[in-house]
Amino acid sequence: MSPNGQAEPRDPHADGRPRMRAVVGSTRVEEEIFGRVFDGKVVRRLWTFVAPYKGRVRIAVGAVLVFTLSQLLIPLLIRYAIDYGMAPGAPGWLLAGIVALFALVIAVNYGASLLQERITGQVAENVLFDIRRKMFGHLQHVSLTFMDQTEVGRLMSRLQGDVNSMQEFLETSVQSVGDIALLIGIVAVMLWLDWQLALLVLMVLPILLVVRVLWLARARSAFMAAHEANSVTNGALSEAIHGVRAIQATRREGLNAELYAELTERTWRSQLRASRLAQVMIPIVDTLTGIAMAVVVVAGGLMVVSGRIEVGAMVAFLFYIQRFFDPIRSLTMQYSVMQRAMASGHRLTEVLDVEVDVEDAPDAVALGPQDDASVEFRGVTFGYDPAHPVLKDVSFSVASGERVALVGPTGSGKSSSISLIHRFYDVQDGSVRVGGHDVRDVTQESLGRHIAMVLQEPYLFTGTVMENIRYSSHWASDTDVTEAAKAVGAHDFVEAMPLGYDTLLDERGSNLSLGQRQLLSFARALAADARILVLDEATANIDSYTELQIQKALQKLLEGRTGLVIAHRLATIRNADRIVVLQQGVKIEEGDHDALMARQGLYSKLFTLNHASFDDIAEDLDEEERKVAT
Ligand SMILES: Nc1ncnc2c1ncn2[C@@H]1O[C@H](COP(=O)(O)OP(=O)(O)OP(=O)(O)O)[C@@H](O)[C@H]1O
């Protein structure tokens, strides 16, 4: 039976064979939830974030110690009130004095607790703010190689989940100092009041310790199972939301619902087990408290009768026992919090310390108007994995104001080449030069201003149309933006939108057509007014009217600029001054349209075969051409 009381989905095979089903959202969480309880490296790294607030941390620790002291004083004052203030013949002012002192201690207790909570809350929030800001900044600069290898989902969980568990840790760690002090204080005061009764009461401690150790092992595995089941179910849910179109198109709704029901049932079972285990400790601790109190009442009572201790001391004992188990409970909880925090801290420091391998050289110069707008590849060899180069000894150049089309079959290395111009990655051999400088010798900031990039899938951000066009040129005025939009032919459709340039775009511009998104990204590049334009032409099919508009916009965009275009459409290729043909990371041909036609190589074959696009090159043709070229 499932948690909602429905019957299990039945197997449709009459012979009972298990049905073959694709699994949904079965991502397993391999990340550690609990780390070592104390990891010096992690603590040292995190301390760099806490250190700026150490003055406030000291005040918080001071406040928690004052709070603990007042906690210890309260039962003692009660004891003095009973044994001395209320003793026959005691002067009235004595009791009144003790009561006044009691009121003062209560006030100090309240003030210290408030101060401690407020400061630790503030410090934790500040530290987390700093960690988040640092991580965000770092992730914007981090080498793309790291991004290529890391799942976005995992990074998001680091930014959110792990940072939250650090917050929990920071907030409770000051409290732990107080808990330890309280525990030591209670034991010391009880021993001071009557060491024999104290030892008798403390005999319940080993029982608590054994129970706790047995419990912890089982509880931890139950918590981990619940955590994992929960993540898997959430993974399935998010996959189902993201992939809802594909799900509806393949009519998988029914089967997915069944699979999801199974997952939620697993989560339900594991959560139930975890919460059962979590609850079991509370009655055990309560029972032990009760036993300890019974010991005090019986043994202490006998002592009072025999005159060995006073009634007030026995009452104070009872108060101390009631408070005794609270710090133990919160410290054991803090133990798990610390382990979780160490695992989270480890993951956070991993992200914070990931190397930024594309960095400005100390003597990097800024590219400026004095530099020309040329691009040159000199014997470039590059591979995402250096052992497997995707560009092999590639050389070509684009003079200032020239338009060069980069063509080649899919996977030939076109996109990789343009990533190198912007120095997203560093080459293994040879050099990429912009404006006559090796890109490693110029500042990345000036390189970014010298080059405008238009990617194949135009990335639009949540914000207005105006903000999106101005994304890479925050200095551009509203007029500059509208002029850019007019020049690329985007103005009319923008004006037709409900709020014109102030219309808010949905996530990634999903409320626009692909052609419109392309035109906006052209307008963005035009507003940036860079001297070199690097463009990855869209391969997606768009209607011929939009295609014409885009071609016109492209001409406008390239006017007076150096252009390097990954060309997929023959119209763009024919408009280029020169064509560079890549194949499997090797440059196999180069020249203008006429020269390449005369060469009778791959390019001319494509033309004669009348292929619609260079992406249609057949593999066998590729091989043949490679032989011709080499
Ligand atoms: N981020 C990456 N990490 C590892 N390998 C990559 C990465 N990007 C591309 N590659 C590999 O590099 C090779 C060249 O890819 P690239 O994207 O440069 O080709 P392309 O000519 O632009 O292809 P397309 O026309 O399909 O966009 C391919 O084998 C690809 O698998």
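This is a predicted model: local features need pLDDT of at least 70, side-chain atom pairs count only at pLDDT 80 or more; totals for chains, interfaces and linings use all residues.
**Stop 1: Ala-316**

Is Ala-316 buried or exposed? Ala-316 is buried, because 26 other C-beta atoms lie within 10 Å and the cut-off for burial is 20 or more.

Now show the contacts of Ala-316. Leaving out residues up to four places away in sequence, Ala-316 touches Pro-75, Leu-76, Ile-78, Arg-79 and Leu-193. Draw a distance from Ala-316 to Arg-79. The two are 237 residues apart in sequence, yet their C-alpha atoms are 5.6 Å apart in space.

**Stop 2: the annotated spans**

Next, colour the segments that UniProt lists under "transmembrane region". The entry is unreviewed, and it gives residues 59-81, 93-112, 176-193, 199-217 and 277-299. Pick 176-193. This span is 100% helix and 0% strand, and its end C-alpha atoms lie 25 Å apart. Then pick 277-299. Here too the span is 100% helix and 0% strand, with 34 Å between the end C-alpha atoms.

**Stop 3: the ligand shell**

Centre on the ligand. Which residues are around it? Select Asp-148, Tyr-384, Val-390, Gly-408, Thr-410, Gly-411, Ser-412, Gly-413, Lys-414, Ser-415 and Ser-416. Colour the shell by class: 2 residues are nonpolar, 7 are polar and 2 are charged.

**Stop 4: helix α11**

Stay on α11. The helix is mostly covered, with 6 of its 8 residues buried. Select the buried ones: Lys-414, Ser-416, Ser-417, Ile-418, Leu-420 and Ile-421. Lys-414 and Ser-416 are also among the residues around the ligand.

Step past the end of the helix. Arg-423 follows α11, and its phi is positive, near 55 degrees. Most residues other than glycine have a negative phi.

**Stop 5: the sheet under α11**

Show strands β1, β2, β4 and β5. These 4 strands form an open sheet in the order β2-β1-β4-β5, with antiparallel pairing. The edge strands are β2 (391-398) and β5 (437-438), each of which pairs on one side only. Helix α11 packs on this sheet, touching β1, β2 and β4 (429-434). The direction of α11 makes about 115 degrees with that of β1.

Zoom in on β1, residues 375-382. How many bridges join β1 to β2? The two strands pair in the antiparallel sense over 5 bridges. For a landmark, select Val-375 in the viewer; Val-398 in β2 stands opposite.

**Stop 6: strand β10**

Select β10, residues 562-566. Why does this strand count as largely enclosed by the rest of the structure? Because 5 of its 5 residues are buried. In a regular strand the side chains alternate between the two faces of the sheet. Check both faces of β10. Thr-562, Leu-564 and Ile-566 lie on one side, Gly-563 and Val-565 on the other, and all are buried.

Strand β3, residues 403-407, pairs with β10 in the parallel sense over 4 bridges. Ala-405 has Val-565 of β10 as its bridge partner. Strand β9, residues 532-536, also runs parallel to β10, and 5 bridges join them. Ile-532 has Thr-562 of β10 as its bridge partner.

**Stop 7: two glutamines with positive phi**

Go to Gln-584. Its loop lies between β11 (578-583) and β12 (586-591). Phi of Gln-584 is positive, near 45 degrees. Gln-584 counts as partly exposed, because it has 16 C-beta neighbours inside 10 Å.

Move on to Gln-600, in the loop between α19 (593-599) and α20 (602-609). Phi of Gln-600 is also positive, near 60 degrees. Buried or exposed? Gln-600 is exposed, because 11 other C-beta atoms lie within 10 Å and the limit for exposed is 12 or fewer.

**Last stop: zoom out**

Show the whole protein. There are 21 helices and 12 strands. Colour by burial: buried residues make up 30% of the 630 residues. Of the contacts with a separation of 6 or more, 79% come from residues 24 or more positions apart.

Definitions and conventions: Residues are numbered from 1 along each chain as its sequence is written. UniProt positions are given in the numbering used here, feature names are shortened, and annotations may be inferred rather than shown by experiment. A residue is near a molecule or strand if its C-beta atom, placed from the backbone, lies within 6 Å of it. Ala, Val, Leu, Ile, Met, Phe, Trp, Tyr, Cys and Pro count as nonpolar, Asp, Glu, Lys and Arg as charged, and the others, Gly among them, as polar. Two strands pair if DSSP finds at least two bridges between them. Two residues are in contact if their C-beta atoms, placed from the backbone, lie within 7 Å. Axes are lines fitted to C-alpha atoms, for helices over the stretch in contact, and angles run from 0 to 180 degrees between N-to-C directions.
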